[in-house]
Amino acid sequence: MPKMKSVAQLAEYRAKLQARRDPNQPQVLVCGGAGCDALGSAEVASAFREELNQRGLKGKVELKSTGCQGLCAKGVRVLLRPQEITYQQVSALNAGEIVEETLVKGKILDRFCHQDPGDGALKGHKSKIPFYQGQFPLVLRHLDVIDPEEVDDYLAQGGYGALAQALSGLTPKEIIAAMERSGLRGRGGGGFPTGRKWRFLRQAPENPKFLICNGSEGDPGAYLDRAVMEGDPHAILEGMAIGAFATGAAQGHIYVGHEYPLAVQRLRQAAAQARELGLLGEKILGTDFSFDLKVHWGGGAYVCGEETALMNFIEGNIGEPRNRPPYPAQKGLFGQPTVINNVETWANVPVIIGKGADWYAGVGTEKSKGTKVFSLAGAVNHAGLLEVPMGTPLRRVIFELGGGIKGKGDFKAALTSGPGGGVIPAQFLDMPVTFENFQEAGGNLGSGSMVVMDHTCCMVDVAKYFVTFSYEESCGKCTPCREGAKQLLAILNRITGGQGEEGDLTLLAELGAVMTGASICGLGQSAPNPVLTTLKYFRSEYEAHIREKKCPALVCRPLLKYTVDPETCTGCLACVRECRVEAISGEYQEPQEIDQELCAKCGMCYEVCKFEAIKVES
């Protein structure tokens, strides 16, 4: 790769790349996202490569491993272009058939097509699948079409064009003004205006100045930052380079959570490629602007996702939060002015500069501009990664793009932003997705994780699960978080164990308020949110646990009772074989009985009974 010494040379190189690419050339794009990777996407890509070689199609058909293609629950996914046929649940054994029938003969294979949960219709073309129809990909624009390890792929799609535009035609003040005019707000949870944060850094008199990309993502159900880091790493680098030019920063840092080794590998590889091309380092594109960055691999602590703890980690100190003020823009990394934005925020920057601030501001709502990426999980038919304009109703996200609730279940609630988020009940399904609406409802857009829950979920148990997570991940530095989370968990354990008392609900609310107001960092401040929102919207479930010693959703084991229906029991002894405490007894082909004193309430008898003879009640 030649080192680019000017904006014109970059444009010339891009033009050559694009001229060599035939838009009508057949392509096999194998999803390399985390979900598909776990299902063997590398083996699928290898099988396609071998099949194409054997048929003499190497060079005639382009094969790529891409980033996440969205419908993660249906991997391994394969996209065939230019027909835009998308196949799901493909294995290495299917490569030969797909090459023969679809690539050679042009036949769509029904059994690999998407089946609409509404009408049952099989849909092979990407444009006809509801999951993709309602999306507006900006952050995810490259994930299903480029090889994240090939910088030429990114350049051919217009990559680093926004950086070239910024360096050749805009001043730092104009870039910051454009960011403010775009209305982009931080996608990490707080929703603080990005342009305003950049202006603070630009105006700071001290040097050096630093930029940080927060790639820590440990929330249960969250994987959007991972998908972008692994699938489009150069978008983050380009966004940070533009931010550095605008703010006067010369050094950047990317922090990636310990659980994402592939993201670390891809980002470091992308940084090396960018340096080789002259897009990072000294005198970028022949200008006087210099900027470089370092990728840090975290040690596994969830609290390091909090920005001040993250800075402590990068400095080589214990990853625990600092008191604020001073804020990072005043005194951040190594005591110098610092701007911290998350992965999704940085990936938006090239779009804003490339397409224009006014264009971007035209997407979304008056106060919440642009798009929001969600990682959809839980009791939904189409779990996966999607991006919609701000203002899209929640119902559309879950029921149209997400395909609705699995099986015969009913929507009960959605928990957004993991352990620091809140539950959004059914009464808010028609609520537009905006920062303001989610905050008013008690939720948080935050990390973009959206865990959908149906009627089988106990909301008290849900609150306990997330408080357990926060308690275990607390750094223990401040008393409100350390002791507050411990006491919240103790109370919830009592309630789900059938030992709750009348005053517990008041105590939960009071503890939550203290933690929210007095904790040092966002972990402690937001840890009570699942408790406070489930108390607000599902108080009757708490009261049933305390007053009636019942779990309406039949989840909390200490409150359950397993019995055998003698009318339907065939005496097959399947339940007897599975019972580890020998609580079930009876003769073969005769109704069985469960000794309630011995029963461990594990539910295995209920799971293995094929005749629905095991009954569970609270």
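User: What covers the buried residues of α13?

Analyst: Some terms come first. Helices (H or I, at least four residues) and strands (E, at least two) are DSSP runs, numbered from the N terminus. Buried means under 20% relative accessible area, exposed over 50%, and partly exposed in between (1.4 Å probe, protein chains only). Contact means heavy atoms within 4.5 Å. In this predicted model, the cover over the buried residues of α13 includes β7 (210–215), β8 (251–256), β9 (292–297) and β10 (338–342).

User: Which residues of α13 are buried?

Analyst: They are Glu307, Thr308, Ala309, Leu310, Met311, Asn312 and Ile314. Helix α13 covers residues 307–314, and seven of its eight residues are buried, so the helix is largely enclosed by the rest of the structure. Just after α13, glycine 316 takes a positive phi of about 95 degrees.

User: What conventions apply to the model and its numbering?

Analyst: The model is predicted, so local features need pLDDT of at least 70 and side-chain atom pairs count only at pLDDT 80 or more, while totals for chains, interfaces and linings use all residues. Residues are numbered from 1 along each chain as its sequence is written, and side-chain values use heavy atoms, with hydrogens and water left out.

User: How does the end-to-end distance of helix α1 agree with its number of residues?

Analyst: The expected span of a helix is 1.5 Å times one less than its number of residues. Helix α1 (residues 7–19) has 13 residues and should span 18 Å; its end C-alpha atoms are 18 Å apart, which agrees.

User: Which residues of α1 are buried, and where do they sit around the axis?

Analyst: Leu10, Tyr13, Arg14 and Leu17 are the buried residues of α1. They cover an arc of only 100 degrees around the axis, which puts them on the same side of α1. The arc is that of the directions from the helix axis to the C-beta atoms. On the other side of α1, Ala8 and Ala19 are exposed.

User: What do the buried residues of α1 and α7 pack against?

Analyst: Those of α1 pack against α6 (151–156), α7 (161–169) and α12 (261–277). In α7, the buried residues are Ala162, Leu163, Ala164, Ala166 and Leu167. These pack against α1, α8 (172–182), α11 (233–247) and α14 (343–355).

User: How many salt bridges are there by the rule?

Analyst: A salt bridge is a side-chain nitrogen of Lys or Arg within 4 Å of a carboxyl oxygen of Asp or Glu. By this rule the count comes to 32. One of them joins aspartate 153 and arginine 21, whose closest N and O atoms are 2.8 Å apart. The pair links distant parts of the chain, 132 residues apart: aspartate 153 is in helix α6, and arginine 21 is in the loop between α1 and β1 (27–31). Aspartate 153 counts as buried at 5% relative accessibility, whereas arginine 21, at 33%, counts as partly exposed.

User: What other pairs meet in salt bridges?

Analyst: Among them are glutamate 62 and lysine 64, at 3.9 Å from N to O. Glutamate 62 is partly exposed at 25% relative accessibility, and lysine 64 is buried with a relative accessible area of 6%. Arginine 482 and glutamate 483 form another, with closest N and O atoms 3.2 Å apart. Salt bridges that share partners also join Glu51, Arg55, Glu100, Glu101 and Lys105 into one network.

User: Is valine 423 buried or exposed, and what is it in contact with?

Analyst: Valine 423 is buried, with a relative accessible area of 0%. This residue lies in strand β14 (residues 423–425). Leaving aside neighbours within four places in sequence, valine 423 is in contact with Ala413, Ala414, Leu415, Ala441, Met453, Met459, Thr533, Thr534, Tyr537 and Phe538. The C-alpha atoms of valine 423 and lysine 536 are separated by 9.6 Å, and the two are 113 residues apart along the chain.

User: What does the protein chain look like as a whole, in helices, strands and buried residues?

Analyst: The protein chain has 25 helices and 19 strands. Buried residues make up 56% of its 618 residues. Among contacts between residues at least 6 apart in sequence, 69% join residues at least 24 apart. The C-alpha atoms fill a box of roughly 85 × 65 × 40 Å, taken along the principal axes.
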